[in-house]
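Subject: Structure for your files

Hello,

Here is the structure I said I would pass on. My notes follow below it.

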Amino acid sequence: MIRNRVLLGMHHEGYSEILGEDFEERGYDVTKVSNVEAMLEKMGLRENDPSAELPTIVFEAYVMDANLGSPGADTYNPALRIYQHIERSVIEGSVKFLTITANADLMESTKKAGLNCISKKDVFEYVRREF
């Protein structure tokens, strides 16, 4: 049986562990990272390789802190960096992409940028419903 794979990018290891267990209970193989560079690497991409557009290692789901690598920062640029490589697959529906944050202002600006973003407090319910 082929299992779906999820790439989790979370600041806090404890939160990543709990969310990872939730995905495992749903039949996903889980890969966890704590920064954007590690996400890119797990996707088979190199940080400074402008020719690499599409990941060579594809996951069925990507879930990350909107501001991964910059806890407390009011930026969704880390999420955009990942999304640009999988946008086509997300639009086609073959891949799910979700950003999360505890910051209401960041959640709003992330949504305005066109990215799927929910509150950290709602992520477990969302995952149970959508994945």
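Please keep in mind that this is a predicted model. I begin with arginine 88, which counts as exposed because its relative accessibility is 53%, and the cut-off for exposed is over 50%. Arginine 88 is found in helix H3, which covers residues 77–92.

Next, threonine 99. This residue is in strand E4, residues 96–101. Threonine 99 has a relative accessibility of 0%, so it counts as buried. Leaving aside residues up to four places away in sequence, threonine 99 touches Met64, Ala66, Ala79, Thr110, Asn116, Cys117 and Ile118. With one of these, asparagine 116, there is also a polar contact: the side chain of threonine 99 reaches the backbone oxygen of asparagine 116 at 2.8 Å.

Lysine 32 is in another strand, E2, made up of residues 29–33. Its relative accessibility is 33%, so lysine 32 counts as partly exposed. Residues up to four places away in sequence again set aside, lysine 32 touches Leu8, Ser16 and Glu17. The side chains of lysine 32 and glutamate 17 are joined by a polar contact of 3.0 Å. As for serine 16, it lies 16 residues from lysine 32 along the chain, with 7.0 Å between the two C-alpha atoms.

The last item is a pair of helices. Helix H1 spans residues 13–25 and helix H5 spans residues 123–130; they pack at an angle of about 20°, and their axes are 10 Å apart. Because angles under 35 degrees count as roughly parallel, H1 is roughly parallel to H5. The crossing of the two helices is right-handed.

Which residues meet where H1 packs against H5? On the H1 side they are Tyr15, Ile18, Leu19, Asp22 and Phe23, and on the H5 side Val123, Phe124, Val127 and Arg128. By type, the residues of this contact divide into 7 nonpolar and 2 charged, with no polar ones.

Regards

How values were computed
Residues are numbered from 1 along each chain as its sequence is written. This is a predicted model: local features need pLDDT of at least 70, side-chain atom pairs count only at pLDDT 80 or more; totals for chains, interfaces and linings use all residues. Side-chain values use heavy atoms; hydrogens and water are left out. Helices (H or I, at least four residues) and strands (E, at least two) are DSSP runs, numbered from the N terminus. Buried means under 20% relative accessible area, exposed over 50%, partly exposed in between (1.4 Å probe, protein chains only). Contact means heavy atoms within 4.5 Å. A polar contact is a pair of N or O atoms within 3.5 Å; within protein, one must be able to donate a hydrogen and the other to accept it, and residues adjacent in sequence count only if both atoms are side-chain atoms. Axes are lines fitted to C-alpha atoms, for helices over the stretch in contact, and angles run from 0 to 180 degrees between N-to-C directions. Angles under 35 degrees count as roughly parallel, over 145 as roughly antiparallel, 65 to 115 as roughly perpendicular and the rest as oblique. A crossing is left-handed if the near helix is turned anticlockwise from the far one by less than a right angle, and right-handed if clockwise. Ala, Val, Leu, Ile, Met, Phe, Trp, Tyr, Cys and Pro count as nonpolar, Asp, Glu, Lys and Arg as charged, and the others, Gly among them, as polar.
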